[in-house]
Amino acid sequence: LQEYRAKQARMLGEKVIDMGAAALQIQKVWRGFSQCQKTKKQREEEMIFLGMDPPPLFNEVSATIIQAEKVSSLRNETQVKHEENYRKALVTIKNDLKLIEGPDIKENLQDQIRHWFIECRNLTGTFPEYPNVEEGGSAIIFSNKTPQQVTEDIIANQEEEEKNKKKKKNKKAKKPKKPKKEKEKKGAKEKNKEEDEGWKMSPSVFLPTMQEGNNVYKDLWKNKDESWNFPQNYDPELIKQEKRKELESEIRVQVDELMRQELKNLKLAVDREKEYPVKAGKKKGGKKKKKGKKGKKGKRGKKDKDLTADRTIESLYKELVEEGLLIQALKVNLSDYIGEYSYLGTTLRQVSIEPMPSLLDVRQLIALYGVLPLGSATVHEKAPLVKSLLLAGPSGVGKKMLVHAICTETGANLFNLSAANIAGKYPGKNGLQMMLHVVVKVARELQPSVVWIGDTEKTFYKRVPSAERMMEPKRLKKQLPKILRLLKPDDRILIVGTTQRPFDAELQSFCKVYQKIILVPRPDYASRFVLWKQIIQRNGGIITNALNISCLAKITDGFTQGHIVEVVKGVLTDRRIRQQNYKPLMAAEFIAMLTSMSPVYQEEEESFKDWYAKTPMGKKRALALMGGNTEKEKDKGKKKEKKGKKEKKK
């Protein structure tokens, strides 16, 4: 057959196939393919070793994590059972204590109070006045004190009061009037001291509570032997200690009523001999006291008129919703504000360059000034009071998203008092007063509340553009400081302003209204890398090795979060998501859409930094960073100038 085929090939003029050459060709292709596969595998192993890529089973849940989850679920079940047993024990142990120890506690309290009566009678000559129920009864007198210590305290207090009265009289007689010059000098010295000291960190208000908790742990739990309590059930002795105090306070109320009556009887029994003279004295004194009561009446303070006293909160709420002043907040969590910390900030400061805050710094500040005080009443009481907050930054960086995130995290109502939103609503001065009164009243009743003023620079325009004059953007300019004064320390109401062009507003009035200013920057490389990755995954994209996210993050320098979200939504259509299995995503697809968008340039960001440096907060920050060196240099310069002038005169 081979010979026949060879003859046929010669007859037709075809070339004879060399089997060796064919084998070499196949071998060449196979070796090339196998080597490509090996190098690819080695490259992946190298990237995993360097920590640039995750290991192959990185996303799979390990057996240890599964075991840990089982243990935690079992622990939760046992905790629930122990909690139920503990609640039952609280009731049963208290009832047992009432039956066994209740009569003894009652007798001890009565003996203690009687002993106090006799001691006071012997020392002062009269029976003491029994404290009222509102003051706390006998608990105030016998707070960890014996009757002897109580009587000693009474005598000491009387002596101290007499001494203080004498000292006050002597001081009033001897006090000379200080001249005005001395007062001015003192004021100047105090100002200089404040300037020299600069910015200092105030002590934390939460530290004492943390220390108290730590001390309780040290005293109770640190050295406690719980070898007998392996399953971690409740400790009956601890419950008894707590319930004894409760039982004592309950019994003390009953004892106080009995002892008040007993004290009255004692006074009547002792003062029977002087009964008639005392009664006469009381009558005379009583008339004088009545005359004294008729005399002066306290001045009543001026109260703000309630313009809507005849209306319910529900009707006011409905009116604000219909007018569009009370809007529904979008369901956005603070964790949805994606970003990364700037790890090069310290190195830039060493080269005397003040970096812009990172996106996670902004998120942390929003949590500190917005979410925690509005969400927790205890934090609001103890933390520094922040009534107003300003978010300044270019468009697309997520200012509105942060406002909505504050509302969703705290469950706050959102009032929109932007210049564009209130245009044409509640016209005239009376209408404006009514609008603000209704907003503040509803916000106070249904707190926590957020009052949002979008494009707030329009409220404080230096010059109102002719196109916006009909809108009356400066309506709230004079009213905002009044609203801030109306807000009490107990009110969990936050005024949040957002602005793209803060340099168009009057600086003084702008900074008077907003206590805290947060600059929201464009995202840096680290934040852009995280943004691209997470936004693509959230919109149904699959990230493979074919998609170079690092390249996308580098190219999109200057583009904001809004640009990135818009590009990703434009590329990842339903059809493109279905094609990902056989046609993976490429960076070129996203870059094509970016060409039609204009980024935020460095000059615009610098203008925000320059504006912030002019604000009072910016000046304080600059002084804190410089350590007051600038003021010292100025003083030196002034001294040199004075010396030069003196030399010229000579």
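**Aromatic pairs and a surface patch**

Modeller: In this predicted model, Y130 has a relative accessible area of 10%. Buried means under 20%, so Y130 is buried.

Biologist: What kind of aromatic pair do the rings of F117 and Y130 form?

Modeller: The ring centres of F117 and Y130 are 6.1 Å apart, and their planes stand at 65°. Planes over 60 degrees apart count as edge-to-face. The pair of F117 and Y130 is therefore edge-to-face.

Biologist: How many residues apart in sequence are the parts that this pair ties together?

Modeller: F117 belongs to helix α4 (residues 102-124). Y130 lies in the loop between α4 and α5 (138-141). The pair therefore ties together parts whose separation in sequence is 13 residues.

Biologist: Is F117 buried or exposed?

Modeller: The relative accessible area of F117 is 1%. Since buried means under 20%, F117 is buried.

Biologist: How many aromatic pairs does a search of the whole structure find, and what kind is the pair of W116 and F117?

Modeller: The search of the whole structure gives 10 aromatic pairs. W116 and F117 form an aromatic pair with 5.7 Å centre to centre and 40° between the planes. This pair of W116 and F117 is tilted.

Biologist: Is M210 buried or exposed?

Modeller: M210 is found in helix α8 (residues 207-222), and V205, F206, L207 and M210 make a nonpolar surface patch of about 360 Å². The relative accessible area of M210 is 58%. Exposed means over 50%, so M210 is exposed.

Note on methods: Residues numbered from 1 in each chain as written. Predicted model: local features only at pLDDT ≥ 70, side-chain atom pairs only at ≥ 80, totals over all residues. Heavy atoms only, no water. Phe/Tyr/Trp six-rings, centres within 6.5 Å; stacked < 30°, edge-to-face > 60°. Buried < 20%, exposed > 50% of the residue type's maximum accessible area, 1.4 Å probe, protein only. Helix = DSSP H or I, 4+ residues; strand = E, 2+ residues; numbered from the N terminus. Patch = residues over 30% accessible without salt bridge, like charges linked within 9 Å, V, L, I, M, F, W, Y side chains within 5 Å. Areas by Shrake-Rupley, 256 points an atom, 1.4 Å probe, with all protein chains shown as cover. Salt bridge = Lys/Arg side-chain N within 4 Å of Asp/Glu carboxyl O.
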